[in-house]
Amino acid sequence: MVVMNHLDRPLFIVWSFYQEEWAANAADAYFSNGGKTLIFLGEKSDSSCANDRFFELLDYYAEKVDDIDIPRHYGLKEVLWSLFTNKR
């Protein structure tokens, strides 16, 4: 997985596909191998981004540092830039 070659850099996940595993797999590989900072752009859990496992991994590995509410298209739920740091 490419993320393993860049653990010294922030992982930036943007609008991960709903109910697909790639965001969860990338976050798990990144944090479990010492990655420090993840930036996520998308909707909160229980919405149309990522899957439950992704948000569960964030709860397990990461501490939320900040949310930045950004403009959104009509009909979308809360869209955020979220910054997380590894708490493990």
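Reader: What makes strand S2 (residues 37-43) largely enclosed by the rest of the structure?

Author: Five of the seven residues of S2 are buried, so the strand is largely enclosed. Buried means under 20% relative accessible area, exposed over 50%, and partly exposed in between, with a 1.4 Å probe and protein chains only. This is a predicted model, in which local features need pLDDT of at least 70 and side-chain atom pairs count only at pLDDT 80 or more, while totals for chains, interfaces and linings use all residues. Residues are numbered from 1 along each chain as its sequence is written, and side-chain values use heavy atoms, with hydrogens and water left out.

Reader: Why is Asn-51 called buried?

Author: Its relative accessibility is 5%, so Asn-51 counts as buried. Asn-51 sits in the loop between S2 and H2. Beyond its neighbours within four places in sequence, Asn-51 is in contact (heavy atoms within 4.5 Å) with Gln-19, Glu-20, Glu-21 and Ala-24.

Reader: Why is H1 called roughly parallel to H2?

Author: The axes of H1 (residues 22-32) and H2 (residues 52-61) come within 8 Å and cross at roughly 20°. That makes the two helices roughly parallel, because angles under 35 degrees count as roughly parallel, over 145 as roughly antiparallel, 65 to 115 as roughly perpendicular and the rest as oblique. Axes are lines fitted to C-alpha atoms, for helices over the stretch in contact, and angles run from 0 to 180 degrees between N-to-C directions.

Reader: Which residues of H2 does H1 meet?

Author: Residues of H1, including Ala-27 and Phe-31, meet Arg-53, Phe-54, Leu-57, Leu-58 and Tyr-61 in H2.

Key. Helix = DSSP H or I, 4+ residues; strand = E, 2+ residues; numbered from the N terminus.
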